[in-house]
Structures are given as structure tokens and as C-alpha cells.
Amino acid sequence: MANQISNISPKILVFITLISTVFNNYFQPIDAEETGKALIESTCKKTQYPEECISALESNPGSFTANLTGLTRIAVEKSASKLVETLHIVETLVLNATNYLTWGFLVNCRDTYNISVPQIQRGLQAFDQLKFDKSYKSVEAVNNAVIGCDRQGWTLPILTQVNRALFRLTKDTMMILHLLF
């Protein structure tokens, strides 16, 4: 029996260990006892905006059966959805702008958010390939787009509100993603 084990290639052992680790990380929660609401709460406690994090994740029924990896995927999806929702609001504001300066500011925000949509879609693809660092960078790019839009100095209450929501969600998603690496 010992001779059979010693005949296994070290490369195969490394491969089996890697597959086992990926499988366990993807399909099981960090703490085998922790699932559902407990996992959502313990994960969101590690974020900057825990109440908003909990609310966002609990709005998706899949969160209650997900492990940490699944919960993180849901957070990235939520960020992508919130980006598209924010983009639609900004597009509406562009169409209804009453002066050229406001219109120009809003067009800049819209264009920045338009660029962010394919970035976060690539981030979701990277996530599915277990490239969590690339997924993190895509969410970070959305977060930076919000910061850039806000730094222009215009204060439109509806834009401030949607930007704040997108900023907080992406910030929390980045913190949750960071738990995976």
C-alpha cells in the first residue's frame, strides 16, 4: 500500500489538493455551522456599511442557501445591477438637463458609467473562473467611477442619492471579495 502511494506523481498530488481546496471553498461556508442569515450577518459585519450590505444580500433569496463564495457572487451581481440602474437614472437626467453645464457634467458621468458596465461584466466572468482579484478590480473600477462623478462638484439630489447607494454597495462588495483571497 505504501508503495502505491509513493508511486503517485507529486504533480498529481498537487492537482488533487488544489481541486479539493477549490471545491471546498466554492461549495461550503467558511464555518460549516454558518449558513443563511448567520453567514450574511457575519460577512456584512466585516463591511463598511453592514446594514445596507445585509439588506442588499437578503433581497436575493439565493443568499440564504449560499456559502461565502456564492454570497460574494450575489454581491457582485447586485453591484452590476445597481450600476445599470444608476446609469438609467443618469441617462434620464441627461435628457432632462436644463442648462449646458449640468448637461455636460451628467454626460461625463453617463459616459464613465457606460464604460463601467462591460468592466463589471468581465468581472463576473472572472469571478466564475475563480479569478477573484480580477473581479475585485472590476468592482473597484465602478467604485472609482462613482468617485469621479461625485468629484465634479455638481449637487443634484437624485444623483447624490443614487451615487451614494452605488458607492456603498460596491465598497462593501470589494470588502466581501477581499475575503476570498
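What is the volume of the second largest pocket? In this predicted model, the second largest pocket has a volume of about 180 Å³. A pocket here is an open set of points on a 1 Å grid over the protein atoms alone, with protein on both sides within 12 Å along at least five of seven lines; a cavity is a set where a 1.4 Å probe fits but cannot get out, and lining residues have an atom within 4 Å of a point. Points are joined across faces, edges and corners, and a volume is the space filled by probe spheres set on them.

Two remarks on conventions. Residues are numbered from 1 along each chain as its sequence is written. Local features need pLDDT of at least 70, side-chain atom pairs count only at pLDDT 80 or more, totals for chains, interfaces and linings use all residues, and side-chain values use heavy atoms, with hydrogens and water left out.

The lining of this pocket draws at least two residues from each of helix H4 (50-58), helix H5 (68-95) and helix H8 (157-178); helices are DSSP runs of H or I with at least four residues, numbered from the N terminus. Among the lining residues are Tyr 49, Glu 52, Lys 78, Arg 168 and Asp 172. By class, there are five nonpolar, one polar and six charged residues.

Two of these residues are also paired. Glu 52 forms a salt bridge with Arg 168, with the closest N and O atoms 2.6 Å apart; the criterion is a side-chain nitrogen of Lys or Arg within 4 Å of a carboxyl oxygen of Asp or Glu. Because Glu 52 lies in H4 and Arg 168 in H8, the pair ties together parts 116 residues apart in sequence. The structure holds seven salt bridges.

The search of the whole structure finds one cavity of 30 Å³ or more. The largest cavity contains about 50 Å³ of space, and H8 gives the largest share of its lining, four residues. Its lining includes Cys 53, Ala 75, Lys 78 and Asp 172, and divides into six nonpolar, one polar and two charged residues.

Finally, helix H6 (residues 100-128) and helix H7 (residues 132-150) pack at about 170 degrees, their axes 8 Å apart. H6 is therefore roughly antiparallel to H7, a term for angles over 145 degrees.

How values were computed
Nonpolar A, V, L, I, M, F, W, Y, C, P; charged D, E, K, R; others polar. Axes fitted to C-alpha atoms, helices over the stretch in contact; angles between N-to-C directions. Parallel < 35°, antiparallel > 145°, perpendicular 65-115°, else oblique.
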